[in-house]
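Subject: Handover of a model, with notes on what was found

Dear colleague,

I am passing on the structure below, together with some notes that may be of use when you look through it. Please read them alongside the coordinates.

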Amino acid sequence: MKVTVDQDLCIACGTCIDLCPSVFDWNDEGLSQVIVDEVPEDAEDCARESIESCPTDAIKEI
């Protein structure tokens, strides 16, 4: 599983980082970014929860 964060849609609410810190973290602009090339199998559930919880639909599975 791979995910991406659309930087134009991200509003830096931090929900994805709270839910799945092994996949998401802050970038230099204060927005969320993906910090892994591929989501580890044990983090797929929290990554999916992050996709569903993102208020601006900035996170997509690719």
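How many helices and strands are there in the chain? There are 2 helices and 4 strands in the chain, where helices (H or I, at least four residues) and strands (E, at least two) are DSSP runs, numbered from the N terminus. This is a predicted model, in which local features need pLDDT of at least 70 and side-chain atom pairs count only at pLDDT 80 or more, while totals for chains, interfaces and linings use all residues. Residues are numbered from 1 along each chain as its sequence is written, and side-chain values use heavy atoms, with hydrogens and water left out.

Overall fold

Along the sequence, the pattern of elements reads β-α-β-β-α-β. The radius of gyration of the chain is 10 Å, close to the 11 Å that the globule rule gives for 62 residues, so the chain is as compact as a globular protein of that length; the radius is taken over C-alpha atoms, and the rule is 2.2 Å times the number of residues to the power 0.38. The C-alpha trace spans about 30 × 20 × 20 Å along its principal axes. Of the 62 residues in the chain, 35% are buried (buried means under 20% relative accessible area, exposed over 50%, and partly exposed in between, with a 1.4 Å probe and protein chains only). Among contacts (heavy atoms within 4.5 Å) with a separation of 6 or more, 53% are between residues 24 or more positions apart.

Helix α2

S50 is buried, with a relative accessible area of 1%, whereas D45 counts as exposed at 63% relative accessibility. Leaving aside residues up to four places away in sequence, S50 touches C16, L19, C20, F24 and I59. The C-alpha atoms of S50 and I17 are separated by 8.1 Å, although these residues are 33 apart along the chain. For D45 and C20, which are 25 residues apart in sequence, the C-alpha to C-alpha distance is 8.9 Å.

The cavity

The structure holds 1 cavity of 30 Å³ or more, and about 100 Å³ of space lies in the largest cavity. Of the 15 residues that line the largest cavity, the closest to its centre are C10, C13, C16, C54 and I59. A cavity here is a set of points, on a 1 Å grid over the protein atoms alone, where a 1.4 Å probe fits but cannot get out, and lining residues have an atom within 4 Å of a point. The lining divides into 10 nonpolar, 5 polar and no charged residues, where Ala, Val, Leu, Ile, Met, Phe, Trp, Tyr, Cys and Pro count as nonpolar, Asp, Glu, Lys and Arg as charged, and the others, Gly among them, as polar.

Backbone points to check

Most residues other than glycine have a negative phi. A12, which is not a glycine, has a positive phi of about 60°; A12 is placed in the loop between β1 (3-5) and α1 (15-19) and is partly exposed, with a relative accessible area of 29%. D57 likewise has a positive phi, near 55°, and lies in the loop between α2 (44-53) and β4 (59-61), where D57 is partly exposed, with a relative accessible area of 45%.

With best wishes

Notes:
On a 1 Å grid over the protein atoms alone, a cavity is a set of points where a 1.4 Å probe fits but cannot get out, and a pocket is an open set with protein on both sides within 12 Å along at least five of seven lines; lining residues have an atom within 4 Å of a point. Grid points are joined across faces, edges and corners, and a volume is the space filled by probe spheres set on the points.
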